[in-house]
Amino acid sequence: MKITARELNRATLDRQLLLRREPLDAAEGARRVLALQAQQPASPYVALWNRLAGFDPAELDAAFTEGVVVKATLMRITLHAVHAEDYRVLREAMQQTLYASRLGFRFAAAGLTPDDAFRLVPELLEFAERARTVKELEAWLETRVGAGKKAGALWGLRGYAPLLHAPAGGPWSFGARTSYVAAASLPAATGQEHVPEAMRHLVLRYLKAFGPASVADVAQFAMVRRGPVREALRALDGVVEQLEGPDGTVVFDAVGAGRPEAGVPAPPRLMAMWDSVLLAYADRSRVIPEEYRREVIRVNGDVLPTVLVDGYVAGVWRPVDGGVEVTAFRDLDPAVWEALTEEARSLSTLLADRDPLAYSRYRHWWTKLSGSQVRVLAPR
């Protein structure tokens, strides 16, 4: 069976709750979409606002505080918010990647070895049974490895060890000063072992949330090697089926997963900075037209808040005094602008109570955009 590029787009939007806002609470919303990129504290909130009917940010506050949704270094060695029930197996699937990325470079440059990590992690988790600031962790590490090695040790261990970001209050549950707490009931990692069962879980959960997708897409999403992905797909035979992608590439999908028709309408959306749909694939043209990719994904890896029109990136947005400024990369129809204005009004309400100028630290990128139309969409 062959699937078209537009059908792939619609499947992604459907599974990521972007064809219609669903009546789910924040925790279940996070579970359904698998992972919310969380480098910027506002982004998980904006992501769920886009996806959930009547989204109440206080629900996500409570989910973080109660540990139902957790924030940690996971896929692509970056911060994600995930449902607590997914965290353990996702982290186990990431074990080889975390080992390779966090116990080299600055950790190794400090004169530390993987054996040092294996020795330190159990004690570190015991120390972090309650939330610890960076300063507290550095002081603790200094007593173990010395002043000259503490910075490199912290750089490696805060990603390699099963540490969660501890909620610190408003406006978005996590602030600039990070505190860490040990993940409850999660044993310390002791090597670079591949955990096949965990990889199978990651692959199947990914396909249900982002599929259909290729081996390269899965590997890109998690930053894992393609070999274990292929191994997991072979083990999932009967649970996963193969399709022919638009360019002839084999793509995989969970058996029985819904795939909307290409003509299903997709409403305009104002997506969060680093939203997962922009980064979850090796081929990002599924959502980002190639001619706009460099406008959206900047040279240092920043991924700007985007405007989706008919399911594809058509511009970027940012909060400004007086409303939401939309820079469209092409001329948009009046009906689209009207729908975006309604979205901007709702988004402005969300931001007004929390952080009216969220993402303002990234404003320098707007001087480098080549937009076709720029409008400030003001709330009533």
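Predicted model: local features only at pLDDT ≥ 70, side-chain atom pairs only at ≥ 80, totals over all residues.
The largest nonpolar core comprises 68 residues, of which F55, L60, L270, L278, W317, L347 and Y359 touch the most other members. At least two residues of this core are supplied by each of α2 (26–33), α3 (43–51), α4 (57–65), β3 (79–83), β10 (306–309), β11 (312–320), β12 (323–328) and α15 (334–352). Helix α15 gives the most to this core, with seven residues. Once neighbours within four places in sequence are set aside, L60 is in contact with A26, P44, Y45, L48, F55 and V69. Another core, of 66 residues, lies apart from the largest one and includes L34, L74, A117 and V203.

Two helix pairs were examined. Two packed helices are described by the angle between their axes and the distance between the axes. For α3 and α15, the angle is about 140° and the axes are 11 Å apart. Because of this angle, α3 is oblique to α15. The crossing of α3 and α15 is right-handed. On the α3 side, Y45, V46, W49 and N50 take part, and they meet E343, S346, L347 and L350 in α15. The residues of this contact of α3 with α15 divide into five nonpolar, two polar and one charged. L347, which belongs to this contact, is also among the residues of the largest core that touch the most other members.

In the second pair, the axes of α9 (residues 134–145) and α10 (residues 150–160) come within 9 Å and cross at roughly 115°. The crossing of α9 and α10 is right-handed. Residues V134, L137, E138, L141, E142 and V145 in α9 meet K150, A153, L154 and L157 in α10. The contact of α9 with α10 contains seven nonpolar, no polar and three charged residues.

In α6 (residues 95–102), the residues Q95, T97, L98, Y99 and R102 are buried. The elements covering the buried residues of α6 include β2, α5 (84–93), α7 (106–109), α8 (114–127) and α10.

Strand β2 (residues 69–73) contains K71. The relative accessible area of K71 is 5%, and K71 is therefore classed as buried. Not counting residues up to four places away in sequence, K71 touches A38, F64, L79, H80, A81, L164, H165 and F174. The C-alpha atoms of K71 and A35 are separated by 9.7 Å, the two residues being 36 residues apart along the chain.

Backbone exceptions were considered last. Most residues other than glycine have a negative phi, and most peptide bonds are trans. The peptide bond from G170 to P171 is cis, with omega near 0°, and P171 is found in the loop between β5 (163–165) and β6 (179–182). A cis peptide bond also runs from G211 to P212, with omega near -5°; P212 lies in the loop between α11 (196–210) and α12 (215–222).

W274 is located in the loop between β9 (269–270) and α14 (293–296) and is buried, with a relative accessible area of 8%. Y359 is placed in the loop between α15 and β13 (373–377). At 5% relative accessibility, Y359 counts as buried, and Y359 is one of the residues of the largest core that touch the most other members.

Notes. Residues numbered from 1 in each chain as written. Heavy atoms only, no water. Core = buried A, V, L, I, M, F, W, Y, C linked by side-chain atoms within 4.5 Å. Buried < 20%, exposed > 50% of the residue type's maximum accessible area, 1.4 Å probe, protein only. Helix = DSSP H or I, 4+ residues; strand = E, 2+ residues; numbered from the N terminus. Contact = heavy atoms within 4.5 Å. Axes fitted to C-alpha atoms, helices over the stretch in contact; angles between N-to-C directions. Parallel < 35°, antiparallel > 145°, perpendicular 65-115°, else oblique. Left-handed = near helix turned anticlockwise from the far one by under 90°. Nonpolar A, V, L, I, M, F, W, Y, C, P; charged D, E, K, R; others polar.
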